[in-house]
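Here are my notes on this one, in the order I would go through them with the model open. Have a look at the structure and then read on.

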Amino acid sequence: MSQRWSRKKSRLPLAGLLFILVVTFMILFNERSIQQIHHHAASHTQNLREPSTFDFVKPNVPRINYLGAHEVLDRFSKCNSTKEYSGKKIGWVDPFEDHPGQVTKEEQKCDVFSGKWVFDNSSSYPLHKESQCPYMSDQLACQKHGRKDLEYQHWRWQPHACNLKRWNVIEMWEKLRGKRLMFVGDSLNRGQWISMVCLLQSVIPRDKQSMSPNAHLTIFRAEDYNATVEFLWAPLLVESNSDDPVNHRLSERIIRPDSVLKHASKWQHADILIFNTYLWWRQDSVKLRWSSEEKGSCEEVKSAEGMEMAMDSWGDWVANNVDPNKKRVFFVTMSPTHQWSREWNPGSEGNCYGEKKPIEEESYWGSGSDIPTMRMVKRVLERLGPKVSVINITQLSEYRKDGHPSVYRKFWEPLNEDRLKNPASYSDCTHWCVPGVPDVWNQLLFHFL
């Protein structure tokens, strides 16, 4: 017994030494593991933080792909892959941001955007005749396509606190002498351009005026004034796969959110620019293809986010390229639609079809205009100060449920018998008859010029 005890006792120092060695090894191993974990955690944290350096993308930087040529989006462009949105935003700085506010004393005194529509059947309204304008669009020629009630042509916009400058075609041409006036945007801006051409062309001898064929950039020329009135198709302002003026109805909308350079190359030398964008953003989502990404790689965002990126890219171009002493820039706010008559006539189930009078309720605001979008646009425009003048058509156009073509226009798609029996089903409650509401938009432009 004492012998066994002595043998056990003799083994204790050895066992203790082994135990100490094992503990030491485990401590060292754990220490190394902890260091590795911290290293990986730090690397992971660094990797998580790295994209923040790319959160704000400098827009409108010329891009060249690996072949050394510009890769331009067109209607054949596709997304080979669509990944989760990276969170990138457009970052831009106005190099002259310390400028005074954009509202002049005259504008403070007279808000021409607040008022009412007054019926005026005098000889001065409408401001031009549909049948006397050779450049009228079949999409807007409501009288030609069977509209019998012509009251829509005789409503005059009357501001509450002052008078809108009376239209004078000769004075307008003198303002345009030696200049390029260009409308840039979608079909609603094209309607305003057609209205302007029809307002102006009557005093120009036929052999002294010309119109280039309909294209990406369409130009009306007046030889005697050495002036042009132009329209550039750019419905999303930034480069997109919908930039073909004819073939732009695509199932997948792709934009380059950080570049207006494709379009800017055509608008940059104009003296007076009128921009709009809104209608084409009223969809669920849009695909992004950043200039820095490889060809075919896209991200997807809600259209409202895409529009904000486009506005910021456009704002960057204006901030860095517009001297308000040399170039006038205007932005036209959203043009409302009138798709649901229940919004102005509770209980009804129609739309703008059959409407013959404006809405009289001053506070009316329908679903065809979006307040968050208006706020976003206001934020961008306020940063640009006097470099951009706002033509706020939204509220005054909200009242004009009667001013759309409805069924009185040319439809390029064949209409089946069922649709023909239900006119409201194919009514155009988006665009505007000319003469009509777009003439007033141009009268506002004339007022500010």
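At what angle do helix α4 and helix α10 pack, and how far apart are their axes?

1. The helix pair. Helix α4 (residues 187-201) and helix α10 (residues 437-448) pack at about 75°, with 9 Å between their axes. Axes here are lines fitted to C-alpha atoms, for helices over the stretch in contact, and angles run from 0 to 180 degrees between N-to-C directions. That makes α4 roughly perpendicular to α10 (65 to 115 degrees counts as roughly perpendicular). On the α4 side the contact uses Leu188, Gly191, Gln192, Ser195, Met196 and Leu199, and these meet Pro438, Asp439, Trp441, Asn442 and Leu445 of α10 (contact means heavy atoms within 4.5 Å). By type, the contact residues are 6 nonpolar, 4 polar and 1 charged (Ala, Val, Leu, Ile, Met, Phe, Trp, Tyr, Cys and Pro count as nonpolar, Asp, Glu, Lys and Arg as charged, and the others, Gly among them, as polar).

2. What you are looking at. This is a predicted model, where local features need pLDDT of at least 70, side-chain atom pairs count only at pLDDT 80 or more, and totals for chains, interfaces and linings use all residues. Residues are numbered from 1 along each chain as its sequence is written, and side-chain values use heavy atoms, with hydrogens and water left out.

3. The overall picture. The protein has 10 helices and 15 strands (DSSP runs numbered from the N terminus: helices are H or I with at least four residues, strands E with at least two). Of its 449 residues, 48% count as buried (under 20% relative accessible area, 1.4 Å probe, protein chains only). Among contacts with a separation of 6 or more, 79% come from residues 24 or more positions apart.

4. Rings. The whole structure holds 15 aromatic pairs (rings of Phe, Tyr and Trp, its six-membered ring, with centres within 6.5 Å). One of them, Trp173 with Tyr225, is stacked, at 5.1 Å centre to centre and 15° between the planes (stacked means planes under 30 degrees apart). This pair links distant parts of the chain: Trp173 is in helix α3 (residues 169-176) and Tyr225 in the loop between β8 (217-222) and β9 (227-233), 52 residues apart. Both Trp173 and Tyr225 are buried. Elsewhere, ring pairs link Trp267, Phe275, Trp314, Trp317 and Phe331 into a cluster.

5. Charges over rings. The charged end of Arg383 sits over the ring of Trp92, 3.8 Å from its centre (CZ of Arg or NZ of Lys within 6 Å of the ring centre and within 35 degrees of the ring normal). Arg409 lies over the face of Phe411, at 4.5 Å from the ring centre.

6. Cys429. Look in the loop between α9 (417-421) and α10 for Cys429. Cys429 counts as buried because its relative accessibility is 1%. Leaving out residues up to four places away in sequence, Cys429 touches Thr337, His338, Gln339, Asn351, Cys352, Tyr353 and His404.

7. Most residues other than glycine have a negative phi, and most peptide bonds are trans. The bond joining Tyr125 and Pro126 is cis, with omega about 0°, and the one from Val434 to Pro435 is also cis, with omega near 5°. Asn60 has a positive phi, near 60°, and Leu237 has one of about 65°. Leu237 is buried, with a relative accessible area of 0%.

Methods
Parallel < 35°, antiparallel > 145°, perpendicular 65-115°, else oblique. Phe/Tyr/Trp six-rings, centres within 6.5 Å; stacked < 30°, edge-to-face > 60°. Buried < 20%, exposed > 50% of the residue type's maximum accessible area, 1.4 Å probe, protein only.
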